[in-house]
Amino acid sequence: MNEANQSDLHVTPELLQRYDRPGPRYTSYPTAPVWKEDFGDSEYREALRRAAHPHDAPLSVYVHIPFCHERCAFCGCNVIIGRKEGLADAYLDYVAREIRMASEALGGRRRVLQIHWGGGTPTFLEPAQLRRLFRTIGSAFEIDPSAELALEMDPRVTSQEQIALLRELGFNRISMGVQDLDPQVQCEIHRNQTEEQTRRLFAWCREAGFGGINFDLIYGLPGQELSRWEDTIRKVIEIGPDRIAVYSYAYLPERLRNQRHIDVDKLPKAELKFELFAAARRLFLEAGYSAIGMDHFAKPHDELAVAMRERRLHRNFMGYTVVPAPDMLGFGTSAIGEIGGSFAQNEKKLSRYYQSIDAGHFPTACGIALTPDDLVRKWVIKQLMCNFYLDFRELESQFDVTFGSYFAAEDEALRAGLDDGFVVWEEAALRVLPLGQAFIRNIAMIFDAYLPKVKTQFSRTV
């Protein structure tokens, strides 16, 4: 059996006490707290100008649909509770204008290999609005026939008509928010979603021909207990999604007011929280799923599982991927893009997003242009987070730096601080062992040059 797919993880209370501390999830490097508010319209335009060539380089496109019918107590997303008539249509008007602005700035670079709609709840949109958004993207860019087209769904509000339309448009990936099938936990997080609703949406997607269906689960939610959580995992295995994400709950009530409804006394303590993840990992692996990155699982013939075995897995703000698109455009409120050697995030507040576009400006609220050192560290962290393997020869080939000299301090910190069977040094590589994979965020933190100066609160690493 491949090491990454060994089912048992033996983590002592002492290990948890030592390593379970706040840390980034590294969906980007540098992480968002160090992005600069003086990175605005002109800086983003310059990033687009740099990215305009070569014309044939592929793109990824993310569109944020912030609307939900109600706010869940656990949620950490940028959400607008939409009840006002015409709200979504007005929003799509502005998104269309932003898309056209970006397309014009990129000139002839138009080929899109990946599209992802997130939220909020993308299926908050009516069928005509879904079609309109897709046509807007298609009129500004050229969607490759082999493109990965994905969106997130809430089983409580998605209709069979929407599923049929999305399949007609060419969507081939679906991600469903499930969190936990336990009604007691659902009550605690203010998200009452019956098992029947989840099974019904899954069946509709299968009947429509979707082959790439993902379930999002969360461990560490209030009221979760090991036996009932294992029941959820067994039911998910029985349903049979192609991929499962098992996220650690990020409880950040100081930043997220809706999370103040959570009863903190019902949150699992560190030992139980890790037991929840370890149980999910064991059950999924025993059922034949492959472990992907730090918190995903996929059926062994899924392209993510194949890429993981071949050490060519990638990760961006849309999740783990095999799509080789080096730049990502983000559209809509709070959307994040990675373009022209820069990260950029849009305004989160709807009124400021609209005001910027009305003024003819990109609605960029913050961002950062990456330095040569950022690019090296970004690549190293991605290799560790995605493939649990750092090839020193590839590092030298890509950046003309040697690991031993460039990362001498980090190498010393790894050897001195991670003596618990987390990593092993091979002839020309650093390999993360199964135990270290459970603490991969802690390993990545060693390579983060900004972290000592960041005061923002992060979620806990375990």
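The structure is a predicted model, and every value below was computed from it.

**Residues in strands and helices**

His-64 belongs to strand β1, which covers residues 59–65. With a relative accessible area of 4%, His-64 is buried, because buried means under 20% relative accessible area. The side chain of His-64 makes a polar contact, at 2.9 Å, with the side chain of Tyr-62. Leaving aside residues up to four places away in sequence, His-64 touches several others, including Asn-78, Tyr-91, Gly-119, Phe-331 and Ser-334.

Gly-119, one of the residues that His-64 touches, is placed in strand β4, which covers residues 111–119. Gly-119 also counts as buried, with a relative accessibility of 7%. When residues up to four places away in sequence are not counted, Gly-119 touches Tyr-62, His-64, Ile-65, Cys-77 and Glu-152. Gly-119 and Asp-263 are 144 residues apart in sequence, and their C-alpha atoms are 25 Å apart in space.

Ala-128 lies in helix α4, which covers residues 127–140. At 60% relative accessibility Ala-128 counts as exposed, because exposed means over 50%. Ala-128 and Leu-165 are separated by 37 residues in sequence and by 9.3 Å in space, taken from C-alpha to C-alpha.

Two packed helices are described by the angle between their axes and the distance between the axes.

| Helix pair | Axis distance | Angle |
|---|---|---|
| α3 and α11 | within 10 Å | roughly 45° |
| α3 and α4 | within 9 Å | roughly 10° |
| α8 and α9 | 10 Å | about 30° |

The axes of helix α3 (residues 87–106) and helix α11 (residues 350–358) cross at roughly 45°, which makes α3 oblique to α11. The crossing of α3 and α11 is left-handed. On the α3 side the contact is made by Leu-87, Ala-90, Tyr-91, Tyr-94, Val-95, Arg-97 and Glu-98, and on the α11 side by Leu-350, Tyr-353, Tyr-354, Ile-357 and Asp-358. Sorted by class, the contact of α3 with α11 has nine nonpolar, no polar and three charged residues. Tyr-91, which takes part in this contact, is also one of the residues that His-64 touches.

The axes of α3 and α4 come within 9 Å and cross at roughly 10°, and this makes α3 roughly parallel to α4. Among the residues that meet here are Ala-88, Leu-92, Val-95 and Ile-99 in α3 and Gln-129, Leu-133, Ile-137 and Ala-140 in α4. By class, the contact of α3 with α4 has eight nonpolar, three polar and three charged residues.

Helix α8 (residues 226–239) and helix α9 (residues 270–286) pack at an angle of about 30°. Because angles under 35 degrees count as roughly parallel, α8 and α9 are roughly parallel to each other. The crossing of α8 and α9 is right-handed. The contact includes Leu-226, Trp-229, Glu-230 and Ile-233 of α8, together with Leu-272, Glu-275, Leu-276 and Phe-284 of α9. The residues of the contact of α8 with α9 divide into eleven nonpolar, no polar and four charged.

**The two ends of helix α13**

At the start of helix α13, which covers residues 392–399, a side-chain oxygen of Asp-391 reaches to within 2.9 Å of the backbone nitrogen of Arg-393. Helix α13 is followed by Asp-400, whose phi is positive, near 60°.

Note on methods
Residues numbered from 1 in each chain as written. Predicted model: local features only at pLDDT ≥ 70, side-chain atom pairs only at ≥ 80, totals over all residues. Heavy atoms only, no water. Helix = DSSP H or I, 4+ residues; strand = E, 2+ residues; numbered from the N terminus. Buried < 20%, exposed > 50% of the residue type's maximum accessible area, 1.4 Å probe, protein only. Polar contact = N/O pair within 3.5 Å; in protein donor to acceptor, adjacent residues only side chain to side chain. Contact = heavy atoms within 4.5 Å. Axes fitted to C-alpha atoms, helices over the stretch in contact; angles between N-to-C directions. Parallel < 35°, antiparallel > 145°, perpendicular 65-115°, else oblique. Left-handed = near helix turned anticlockwise from the far one by under 90°. Nonpolar A, V, L, I, M, F, W, Y, C, P; charged D, E, K, R; others polar.
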